[in-house]
Amino acid sequence: HCWPGMIEEMYHHPELLQLPHGESFADLQRRTVQAVEEIIDRGDNKTYVIVSHGAAIRTIICGLLDIPLKTAWNFSLYNAGITCMTHYMGDRTILTFHNFTDHLIK
């Protein structure tokens, strides 16, 4: 194990996690939320699909819903699950549905 205690730190204190030679969860959140806010700021009233890995999606959800990053692991996020958020004028973002996986059932 190259980084002892890092997995535990990620699950218990993601807001403090700093990966060796990588970015922190806080840095990841700043970067991903900024990218989403740039899309929102276009004001073109379109629907966008953002595909990413779980850590990035968790930081986006926390950032847009103003949920503390330390709670990023307090909700399930399945592979290929769909989360829908709707942004309204005045910086109001609503979690419409989360972790939808019915499309994976055959």
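**Figure 1. Helix α3 is mostly covered in this predicted model**. The helix runs over residues 54-64. Eight of its eleven residues are buried. They are Ala55, Ala56, Arg58, Thr59, Ile60, Ile61, Cys62 and Leu64.

**Figure 2. The buried residues of α3 pack against other elements of the chain**. One partner is helix α2. The others are strand β1, residues 82-88, and strand β2, residues 92-100. After α3 comes Asp66. The phi angle of Asp66 is positive, near 55 degrees.

**Figure 3. Val36 sits in helix α2**. This helix covers residues 25-41. Val36 has a relative accessible area of 9%, and buried means under 20%, so Val36 counts as buried. Beyond its neighbours within four places in sequence, Val36 contacts Ile50, Ile60 and Leu64. Ile60 and Leu64 are themselves among the buried residues of α3. Val36 and Ile61 are 25 residues apart along the chain. Their C-alpha atoms are separated by 11 Å.

**Figure 4. The protein chain holds three helices and two strands**. Along the sequence they follow the pattern α-α-α-β-β. The C-alpha trace spans about 45 × 35 × 20 Å along its principal axes. Of the 106 residues, 25% are buried. Among contacts with a separation of 6 or more, 34% link residues 24 or more positions apart.

**Figure 5. The accessible surface of the protein chain is about 7700 Å²**. Carbon and sulfur atoms account for 56% of this surface. The chain carries 8 positive and 12 negative charges.

Note on methods:
Residues are numbered from 1 along each chain as its sequence is written. This is a predicted model: local features need pLDDT of at least 70, side-chain atom pairs count only at pLDDT 80 or more; totals for chains, interfaces and linings use all residues. Side-chain values use heavy atoms; hydrogens and water are left out. Helices (H or I, at least four residues) and strands (E, at least two) are DSSP runs, numbered from the N terminus. Buried means under 20% relative accessible area, exposed over 50%, partly exposed in between (1.4 Å probe, protein chains only). Contact means heavy atoms within 4.5 Å. Accessible areas come from the Shrake-Rupley method with a 1.4 Å probe; for residues, only the protein chains shown count as cover. Lys and Arg count as positive and Asp and Glu as negative; His and the chain ends are not counted. The place of a charge is taken as NZ of Lys, CZ of Arg, CG of Asp or CD of Glu.
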